[in-house]
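The following note sets out numbered points on the structure shown below. Each point may be read against the coordinates.

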Amino acid sequence: MPRAKVLLADDEIPFQLAIGDYLLSQYDVDLVEDAEGVKQKGPAADVLVVDVRLPTSLCEGIEAVGDLLRQNQIRPTVPIIFISIEAERGALPVAALRRCGVPAGRYRWLQKPFELTPLAYLIADEQARLRPNRGAKSV
């Protein structure tokens, strides 16, 4: 079975490299640092891990994912995990999610800073959710 491809978008390069190195043991990882990278490499990804704040605007990560969804450039089942320090402040940009066309229930959040293990669990959980139920018996 081929390894899943994770797109990791974060403009904090040391943070991005640490996460990317950790995930490489289990996944193929593409690293990008801006919305253009998300739009270019997102369609080939099996999982999107995107920082809400990318270099040019407060919700640039959300906007890039919203563009991919609106243009049907990612499959409807591709898991989306947003990472953000904003979650800590109770300021999740729900209005931006709606405005950008990212439906409720279509994404998960992880608050920065975070340990790497919870991210790996989130990705594995999303991947397991998408796998057909192997071993299920027909009656």
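**Notes on the predicted model**

1. Helix H3 is followed by Asn-72, whose phi is positive, near 50 degrees. The model is a predicted one. Asn-72 is found in the loop between H3 and S4, and its phi is positive although Asn-72 is not a glycine. Most residues other than glycine have a negative phi. Is Asn-72 buried or exposed? Its relative accessible area is 67%, and because exposed means over 50%, Asn-72 counts as exposed.

2. As to the overall fold, the protein chain holds 5 helices and 5 strands. Along the sequence these elements follow the pattern β-α-β-α-β-α-β-α-β-α. The protein chain has 139 residues, and 45% of them are buried. Among contacts with a separation of 6 or more, 68% are between residues 24 or more positions apart. The accessible surface of the protein chain is about 7600 Å², and carbon and sulfur atoms account for 52% of that surface.

3. The strands form an open sheet of 5 strands in the order S2-S1-S3-S4-S5, with parallel pairing. Why is one side of S2 and of S5 left without a neighbour in the sheet? Strand S2 (28-32) and strand S5 (107-111) stand at the edges, and each has a single partner strand, so one side of each has no neighbour there. From one strand to the next, the twist averages 20 degrees.

4. Within the sheet, S3 and S4 run parallel and are joined by 4 bridges. Val-49 has Ile-81 in S4 as its bridge partner. H3 packs on the sheet and touches S3 and S4, and the direction of H3 makes about 165 degrees with that of S4. Helix H1 (residues 13-23) lies across strand S1 (5-9), S2 and S4, and runs at about 170 degrees to S2.

5. The buried residues of H3 are Glu-60, Gly-61, Ile-62, Ala-64, Val-65, Gly-66, Asp-67, Leu-68 and Leu-69. What covers the buried residues of H3? The cover includes helix H2 (35-41), strand S3 (47-51), strand S4 (80-84) and helix H4 (94-99).

6. The largest nonpolar core has 25 residues, of which Val-38, Leu-48, Ile-62, Val-65 and Phe-82 touch the most other members. At least two residues of this core come from each of S1, H2, S3, H3, S4 and H4. H3 supplies the largest share of this core, 5 residues. Apart from neighbours within four places in sequence, Val-38 is in contact with Leu-7, Ala-9, Val-32, Pro-43, Val-50, Leu-54, Ala-64, Val-65 and Leu-68. A second, separate core has 17 residues, among them Ala-4, Ile-19, Ile-83 and Phe-114.

7. Asp-10 lies in the loop between S1 and H1. The relative accessible area of Asp-10 is 0%, and since buried means under 20%, Asp-10 is classed as buried. Which side chain makes a polar contact with the side chain of Asp-10? The partner is the side chain of Lys-112, at 2.9 Å. Beyond neighbours within four places in sequence, the residues in contact with Asp-10 are Phe-15, Gln-16, Val-32, Glu-33, Asp-51, Leu-54, Ile-83 and Lys-112.

8. Asp-28 lies in strand S2. With a relative accessible area of 35%, Asp-28 is partly exposed. Setting aside neighbours within four places in sequence, Asp-28 is in contact with Arg-3, Ala-4, Lys-5 and Val-6. Asp-28 and Ala-45 are 17 residues apart in sequence, and their C-alpha atoms are 9.3 Å apart in space.

9. Lys-112, whose side chain makes the polar contact with the side chain of Asp-10, is joined to Pro-113 by a cis peptide bond. The omega of this bond is about -10 degrees. Most peptide bonds are trans. Pro-113 lies in the loop between S5 and helix H5 (116-130).

Definitions and conventions. Residues are numbered from 1 along each chain as its sequence is written. This is a predicted model: local features need pLDDT of at least 70, side-chain atom pairs count only at pLDDT 80 or more; totals for chains, interfaces and linings use all residues. Side-chain values use heavy atoms; hydrogens and water are left out. Buried means under 20% relative accessible area, exposed over 50%, partly exposed in between (1.4 Å probe, protein chains only). Contact means heavy atoms within 4.5 Å. Accessible areas come from the Shrake-Rupley method with a 1.4 Å probe; for residues, only the protein chains shown count as cover. Two strands pair if DSSP finds at least two bridges between them. Axes are lines fitted to C-alpha atoms, for helices over the stretch in contact, and angles run from 0 to 180 degrees between N-to-C directions. A nonpolar core is a set of buried Ala, Val, Leu, Ile, Met, Phe, Trp, Tyr and Cys residues joined through side-chain atoms within 4.5 Å. A polar contact is a pair of N or O atoms within 3.5 Å; within protein, one must be able to donate a hydrogen and the other to accept it, and residues adjacent in sequence count only if both atoms are side-chain atoms.
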